[in-house]
Amino acid sequence: MSTAVLPPIPPLQLTFAWLEVTGFCNLACTHCYADSSPKGTHGTMTTDDWKSAIDQLADMGVESLQFIGGEPCLYPHLAELIDHVRTRSITGIRIEVFSNLIRVSDSLWETFVKQRVDLATSYYSDTAAEHDTITARPGSHTRTRANIQKAQALGLTVRGATVHISPDQRGPAAHQDLLALGVSNVGGDRQRPFGRASLGAKPTPADLCGHCAQGRLAIGPNGDVWPCTMGRFIPVGNVREASLTAIWNSTEMTTARTRIAQATTQACAAGPVCLPACGPCLP
């Protein structure tokens, strides 16, 4: 009697990656999961390290990349890395930059237009006073709002979202303001207890969205690989020490994926605000 041989289970396809190119930020938002601030650094990843990671991701068939931080527009080699993505994929890989849109240089605007870069930003209130209190920088609301309008005038796609921080926050009004500005993709997320928002509490997988490591991973400024940007407390490797293919198919990644899935039984179906692959939702 012969035993049927089952076909091997195909490996999970990697389709999306966050590239956290810097921990430096011009804001110090009260809820920042990455604990980014003006005291942050660009990390130890060199430009060549990032290009190597991009090459590996392209070879693995990734469909979408998001440059994030910190504030990625303050990373001095952002345009160079965006150009490098396009050398590997003229139109195939979607590029998004998640920025607070406080400070965007003229040369970066040119790169965004030339290389067909999408933008995403956080928008906390329709009033400057409330928004600026959350970002801890006076004038941030005015600059972000003006640059949303500038991006649209340049023909760029802008995605916006609100992180729900306090019960009386004008989140719904912020959503309506974004829609009035012409931003059609408007979503949101709750504040998650990571980084400054944790107030010193130990992070747990139960506070993640549940989509981490499901076709996606994140690379940090020092080369650490995580299931997602918020799951940095679950490191699964380092891109300067092992290939991304090896890390993606590693026991550590599989264990992290299982651990997160088991802990997030009531995760939001739409996923976190910082992931363009997920659809918009309300806080």
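Visitor: Among contacts in the protein between residues at least 6 apart in sequence, what share joins residues at least 24 apart?
Guide: This is a predicted model, in which local features need pLDDT of at least 70 and side-chain atom pairs count only at pLDDT 80 or more, while totals for chains, interfaces and linings use all residues. Residues are numbered from 1 along each chain as its sequence is written, and side-chain values use heavy atoms, with hydrogens and water left out. With contact taken as heavy atoms within 4.5 Å, the share of these contacts that joins residues at least 24 apart in sequence is 71%.

Visitor: What percentage of the protein's residues count as buried?
Guide: Buried means under 20% relative accessible area, exposed means over 50%, and partly exposed lies in between, using a 1.4 Å probe and protein chains only. Of the 283 residues of the protein, the part that counts as buried is 53%.

Visitor: How many helices and strands does the protein have?
Guide: Both kinds of element are DSSP runs numbered from the N terminus, with helices (H or I) needing at least four residues and strands (E) at least two. Counted in this way, the protein has eight helices and nine strands.

Visitor: Where is isoleucine 219 placed?
Guide: Isoleucine 219 is buried, because its relative accessible area is 0%. Leaving aside neighbours within four places in sequence, its contacts include Trp18, Met45, Trp50, Leu57, Val239 and Leu244. Isoleucine 219 and glycine 237 are 18 residues apart in sequence, yet their C-alpha atoms are 9.5 Å apart in space. The place of isoleucine 219, within residues 216-219, is strand β7.

Visitor: How are α1 and α2 oriented to one another, roughly parallel or roughly antiparallel?
Guide: Axes are lines fitted to C-alpha atoms, for helices over the stretch in contact, and angles run from 0 to 180 degrees between N-to-C directions. The axes of α1 and α2 are 10 Å apart and the helices pack at an angle of about 30°. Angles under 35 degrees count as roughly parallel, over 145 as roughly antiparallel, 65 to 115 as roughly perpendicular and the rest as oblique, so α1 and α2 are roughly parallel.

Visitor: How do the residues of the contact of α1 with α2 divide by class?
Guide: Thr47, Trp50, Lys51, Ile54, Asp55, Ala58 and Asp59 of α1 meet Glu80, Leu81, His84, Val85 and Arg88 of α2. Ala, Val, Leu, Ile, Met, Phe, Trp, Tyr, Cys and Pro count as nonpolar, Asp, Glu, Lys and Arg as charged, and the others, Gly among them, as polar. On that basis the contact divides into five nonpolar, two polar and five charged.

Visitor: Which residues of α2 and α3 make the contact between these helices?
Guide: The axes of α2 and α3 come within 10 Å and cross at roughly 10°, which makes the two helices roughly parallel. The contact is made by Leu78, Ala79, Ile82 and Asp83 of α2, together with Leu108, Thr111 and Phe112 of α3.

Visitor: Where is tyrosine 123 found?
Guide: Tyrosine 123 counts as buried because its relative accessibility is 0%. Residues that it touches, not counting those up to four places away in sequence, include His131, His141, Arg145, Ile148 and Asp177. Tyrosine 123 is found in the loop between β4 (118-122) and α4 (128-135).

Visitor: Which residue is joined to glycine 69 by a cis peptide bond?
Guide: Most peptide bonds are trans. Here a cis bond has omega of about 20°, and the residue that it joins to glycine 69 is glycine 70.

Visitor: At 79% relative accessibility, how does leucine 199 count, buried or exposed?
Guide: Leucine 199 lies in the loop between β6 (185-190) and β7, and has a positive phi of about 55° although it is not a glycine. With its relative accessibility at 79%, leucine 199 counts as exposed.
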